[in-house]
Amino acid sequence: MEYRQFGNSGISVARLGLGCMGMSDFYMPGDEADAIRTIHRALDMGVTFLDTADIYGVGKNEELVGKAIRVRRDEVFLATKFANLRSATGEFLGVSGKPEYVHQACDASLKRLGVEVIDLYYQHRVDPKTPIEDTVGAMAELVKAGKVRFLGLSEAGPATIRRAHATHPITALQTEYSLWSRDPEAEILSVTRELGIAFVPYSPLGRGFLTGRFKTPDDIEQGDWRRNSPRFQGENFQRNLALVSHIEALSASKGCKPSQLALAWLLAQGEDIFPIPGTKRIEYLEENLGALEVALTAEDLVEIDRVLPPDSATGLRYPEVTMRFVNG
C-alpha cells in the first residue's frame with residue numbers, strides 16, 4: 001500500500017480507499033457477513049480510508065461499517081456524508097444543508113457508526129436553498145465540539161468550494177472522476193490544488209462499466225440502479241462499450257486487468273488523488289489494489305488520452321432530474 005498526506009489534514013491515508021455504498025444499496029445488495037469480511041480484508045491489506053453515507057441503505061450502510069470496524073477503529077480514517085434526504089422506503093426527498101439539520105444528521109451518523117468522532121464529514125450534495133457559509137459554519141461547530149475532525153464537500157462547483165473554504169478549511173472534495181467522467185479536469189482540480197484540498201474520485205471504475213464485466217444491458221440485474229443510468233441504456237451503452245474495448249486492449253498490453261489500468265490512470269493524475277473503488281467482494285478488492293503495481297509510462301498516458309479523450313463517454317452521469325444537484 002502507498003500512503004500520502006490527505007489534503008490539509010496533516011494525516012497520511014492509503015492512496016486507494018474502499019467505497020462501501022454497494023454493500024447495502026443501489027447495486028444488488030450482498031451478504032452482510034461477506035461485506036464485513038471484505039472490509040476486514042481491506043484493513044489487513046493496508047486500506048485505511050473507508051467511505052459511507054447516511055443515505056446508503058437509509059442508514060444501514062453506516063451500521064454495517066460501524067459493526068465491521070468496532071474493534072479496529074484506530075486503523076480507519078472514516079468518512080461519511082449528509083445532506084441527501086430519503087424516506088424510510090428509499091424515496092429521494094431532496095437536499096438539506098440547513099444548520100439545524102447538519103447537527104441532527106451528524107448525531108444520527110455517530111450513533112449508527114458507533115463511534116465518538118467522524119474523521120471526515122462531507123456535505124453530500126450542495127443545498128441550493130441554503131448559503132454554503134451557513135452549512136459549513138454549522139459543520140465547523142461539529143469540529144469545535146469534537147464530533148468531526150475534518151470537513152469535505154461532494155459534487156461542489158469551483159465558486160462553492162472557494163466560499164466554503166473561506167468559512168472553514170475544506171480537507172477533501174469527493175466528485176465522480178474516471179476515464180469516462182473527466183469533468184473535474186476542466187476547472188475543479190485546479191481549484192482544489194490551489195487550496196490544498198485532497199480530491200477523492202468516486203465511481204472510479206464507472207460503476208463497474210470500465211471493468212469490462214457488462215457486455216449487454218441484460219448483464220445488469222433487475223433492480224440494480226445502473227439500469228436507470230443514461231450511460232447504461234440503449235445506444236449510449238453500445239457507444240460506451242467501444243470505449244471499454246480500448247481499455248481492455250491497453251490493459252492487455254500492460255499485463256493487467258481493465259480495472260487496474262483505470263485505477264492506475266487515476267493515481268497517475270497526481271498524488272492528491274485518492275480513489276475509493278467500491279466492492280462487496282474480496283476477489284474484486286484484491287484485484288483493485290493490484291492497480292498499485294501497475295506503472296504507466298508517459299507514452300501510456302498519451303495513448304490513453306488519444307483513445308479516451310475527455311467527453312468521450314455518451315450519456316449523462318445521472319438521470320436528468322438528479323443532475324441538478326451536481327457541480328453545485
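Helices α2 and α3 are oblique to each other, a class that takes in the angles left over once those under 35 degrees (roughly parallel), over 145 (roughly antiparallel) and 65 to 115 (roughly perpendicular) are set aside. The angle between α2 (residues 60-69) and α3 (residues 99-113) is about 45 degrees, and their axes lie 7 Å apart. Axes are lines fitted to C-alpha atoms over the stretch in contact, with angles taken from 0 to 180 degrees between N-to-C directions; helices are DSSP runs of H or I with at least four residues, strands are runs of E with at least two, and both are numbered from the N terminus. Glu 62, Glu 63, Val 65 and Gly 66 of α2 meet Ser 109, Arg 112 and Leu 113 of α3, contact being defined as heavy atoms within 4.5 Å. This contact comprises two nonpolar, two polar and three charged residues, where Ala, Val, Leu, Ile, Met, Phe, Trp, Tyr, Cys and Pro count as nonpolar, Asp, Glu, Lys and Arg as charged, and the others, Gly among them, as polar.

The model is predicted: local features require pLDDT of at least 70 and side-chain atom pairs pLDDT 80 or more, whereas totals for chains, interfaces and linings use all residues. Residues are numbered from 1 along each chain as its sequence is written, and side-chain values use heavy atoms, with hydrogens and water left out.

The largest nonpolar core contains 82 residues, and Leu 18 and Ile 39 have the most contacts inside it. Such a core is a set of buried Ala, Val, Leu, Ile, Met, Phe, Trp, Tyr and Cys residues joined through side-chain atoms within 4.5 Å; buried denotes under 20% relative accessible area, exposed over 50% and partly exposed the range in between, with a 1.4 Å probe and protein chains only. Helix α8 (residues 258-267) supplies the largest share of this core, seven residues. Beyond four places in sequence, the residues touched by Leu 18 include Ile 39, Phe 49, Ile 276 and Leu 285.

Ser 229 lies in the loop between β11 (198-202) and α7 (234-254). Ser 229 is buried, at a relative accessible area of 1%, and contacts Leu 316 and Arg 317 when neighbours within four places in sequence are left aside.

Zero disulfides are found in the whole structure, a disulfide being a pair of cysteine sulfur atoms within 2.5 Å. The sulfur of Cys 20 is 18 Å from the closest cysteine sulfur, in Cys 106, which is too far for a bond. Cys 20 is buried at 0% relative accessibility, and Cys 106 is buried with a relative accessible area of 0%.
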